[in-house]
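This briefing is intended for reading alongside the sequence and the structure. Please keep both in view.

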Amino acid sequence: MEGLLFNVNGGYIEGIVRGYRNSLLTGQHYNNLTQCETIDDVKLQLAPAYGDFLASLPPNPSTSSLAGKMTDKLVAEFRYVLAQATGSTAKFLEYLTYGYMIDNIALLITGTLHERDTRELLERCHPLGWFETLPVLCVATNIEELYNSVLIETPLAGFFKGSLSHQDLDELNIEIIRNTLYKNYLESFYEFVNTDSDFKGTPTQEVMSEFLQFEADRRAINITLNSFGTELSKQERRKLYPEFGKLYPEGSLMLSRADDLEAVTLAVSISADYKAFFDAVGLTQGGGGLGGSDGKSLEDMFYHKEMEMSKVIFTRQFTPAVVYAWMRLKEQEIRNVTWISECIAQNQKERIGNFISVF
Amino acid sequence: MSGAAGREPVFPTRQSLGLMKSKLKGAEVGHSLLKRKSEALTKRFREITRRIDEAKQKMGRVMQIAAFSLAEVSYAVGGDIGYQVQESAKQARFRVRAKQENVSGVFLPHFESYTEEGINDFGLTGLGKGGQQVQRCRETYARAVETLVELASLQTAFVILDEVIKVVNRRVNAIEHVIIPRTENTIKYINSELDELDREEFYRLKKVSGKKQRDVAAADAELLARREQEAAEAIAQGDTKAKPEEEAPDAPDVLGEQEDTDVIF
Amino acid sequence: MAASATTYKDRQFLAVIGDEDSVTGLLLAGIGHVTDGPDAQRNFLVVDAKTETSAIEKAFVNFTQERNDIAVLLINQHVAERIRHSVDSFADPFPAVLEIPSKDHPYDPEKDSVLKRVRRLFGE
């Protein structure tokens, strides 16, 4: 059924994104990039894929400005796609931007708490998380005002409501706020793809559920691992776990009680995938081990898995999930290029192969 | 000036000669001590300079590694954490303590780094993503900062030693080229003045004693004449009293000699 | 020398003037300190292309002369270049001013004011 009617509204978008996908850098490109001697060479190699966007860069740009320009291209392309979308697809795409909005809001909260110049803050906001009323938030001078304007002005109100009060903004660590919001966001997104009438029973529900479950599990595991040795209590930690995913509920419960790496390993052993990651990474993780130049960290494994999943999504048709996959791939590409140029700029060629090439 | 600069304004007396002599001795001792101190400091100084050179090269490498670990963080977090880090900084975890080290009487500060336990501003940074990289980056940077602190100690020592060595060398040179020659000149001057006085005194004494001898000789002659006269008279009386009378002319001579030593004093 | 015993006892912090990456890294190492109270003072300054030289100068003077709890001031070499005169003329032992390389500007020993003195002493 979905094949019959999807293209009426979503066909163009899907086509565009598939076109974008073809412009992603391939293994061959990366090979060429790793041979570069200077950032200028990198710029030259990227010219076919990024064209005009890099043209305005000065000779030998810094890696951050390079990454910035690459992000600009992603943003421009995404905005175009968003402008073409209608109905549920548009809603789906908006959901994609919420993640960035959360980061922006967290930034503003931090800035307001420390009474920083908000104009400077706006410059630092991620363009994908930009929404029209964002500058309005800068008017807020104290945290209560900010809280109220967030509730009124932003699409994120639902993520705040019920889990965070304005006192929390003042008292809780910004990272906890950010992760609470993110948890709510993931849950809401998950609910959306599973209940929306346009997506229910379509490939979108199927692949996005899988993807979001993975994302949820990844966050839960990361939060657990990163909270060891910090003031984050187990109860607070548990509140940050999204309430779905392959690990939910048994694994999450075990994670919430975990004190050390072994307990985490035990908790994730429910899922063969994650268990494989932990086995591959070995016990060097968390013990301060550097992972070595060839040894991959858990983070790398997750990224790798994410990329694999994104790649596989392109085998599905009639779903806006390809946009999600494309964005993930594109972001990874930007990270890869940043990494490579960073390695070149800092003369650390031996680590240059440490990126994830998908195609 | 040249005449006055050559010596100190003292009266050429034996007392000031003694003073000058002890002063010269003191200056020489001080000179050799300071010279040794300066040598010790310079040795230390050269060592520090060499170590600074090394440490600066090392710092280049360490900072590069640290900067690279930050690149790893931005790769893992997938964004910029700079602003957040700046805002969450509250209490310094990494602090330094200054200690003193005594090198040949110069107190060189030595910074010692320590971490204030229990302060952890960034414990939750990268909670959802990249926390391990952040942690690793923190360790790398903490090590880098330790190197920097070490370098800072060396550099402070360098600045202080540089100053102290300059002062010491100035003193050494002052003693060697001004104080010692000047004192020596003074001693020479006092000696020559004293010699002059001696010679004058000697001549005067000679004159005095010559005059005295002449007087004595005249008195003797008179005495002799009288004695001969008496003797001539006594011959008439007898020879017995002549011997004791002969001792008498020696007595003024002894007196003259005593007077001589007195003057020298 | 002799007077320093009192002057450096309270010095326990490091300060940094540098580009965003250097500052972020050093703050991660835990050197960041913000004083309490309404006139909170930070012991770090982020310098980018837009930062005015006078602001750097002011921070430099603040860290080196006005504040007396700074033991070591770390400054990116390319930032130091911009206020080279102040850096060169600052010769007090406390706080120790240390020029550090930044990510985009590798370390150049020729420009370091202390190394220049070293060279001058031995390079005759």
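The model is predicted: local features require pLDDT of at least 70, side-chain atom pairs count only at pLDDT 80 or more, and totals for chains, interfaces and linings use all residues. Residues are numbered from 1 along each chain as its sequence is written, chains are lettered from A and ligands numbered from 1 in the order in which they are written, and side-chain values use heavy atoms, with hydrogens and water left out.

**Chains B and C**

- Chain C contains 6 helices and 4 strands; helices (H or I, at least four residues) and strands (E, at least two) are DSSP runs, numbered from the N terminus.
- The order of elements in chain C, from the N terminus on, is α-β-α-β-α-β-α-α-β-α.
- Chain B has 6 helices and 2 strands, arranged from the N terminus on as α-α-α-β-β-α-α-α.
- Of the 124 residues in chain C, 56% are buried, where buried means under 20% relative accessible area, exposed over 50% and partly exposed in between (1.4 Å probe, protein chains only).
- In chain B, 38% of the 265 residues count as buried.

**Interface of chain C and chain B**

- Contact (heavy atoms within 4.5 Å) links 47 residues of chain C with 51 residues of chain B.
- The buried area, which is the accessible area (1.4 Å probe) that two parts lose on being put together, summed over both, is about 4,300 Å² here, and carbon and sulfur atoms give 69% of that area.
- Between these chains there are 0 salt bridges, a salt bridge being a side-chain nitrogen of Lys or Arg within 4 Å of a carboxyl oxygen of Asp or Glu.
- The side of chain C that touches chain B comprises 31 nonpolar, 6 polar and 10 charged residues; Ala, Val, Leu, Ile, Met, Phe, Trp, Tyr, Cys and Pro count as nonpolar, Asp, Glu, Lys and Arg as charged, and the others, Gly among them, as polar.

**Interface of chain B and chain A**

- In this interface, 27 residues of chain B are in contact with 46 residues of chain A.
- About 3,100 Å² is buried between chain B and chain A, with carbon and sulfur atoms giving 51%.
- On the chain B side, Tyr75(B), Tyr83(B) and Leu127(B) lose the most area to chain A, together 27% of what that side buries.
- The interface has 1 salt bridge; Glu72(B) pairs with Arg351(A) in a salt bridge whose closest N and O atoms are 2.3 Å apart.
- Helices H2 (14–77), H3 (82–88) and H4 (131–237) of chain B each supply at least two residues of the side that touches chain A, and H2(B) gives the largest share, 9 residues.
- That side of chain B divides into 10 nonpolar, 12 polar and 5 charged residues.

- Beyond its neighbours within four places in sequence, Phe160(A) is in contact with residues including Ile105(A), Tyr147(A) and Leu181(A).

**Asp170(A)**

- Asp170(A) lies in helix H11 (residues 166–171) of chain A and is partly exposed, with a relative accessible area of 46%.
- Leaving aside neighbours within four places in sequence, Asp170(A) is in contact with Leu113(A) and Ile143(A).
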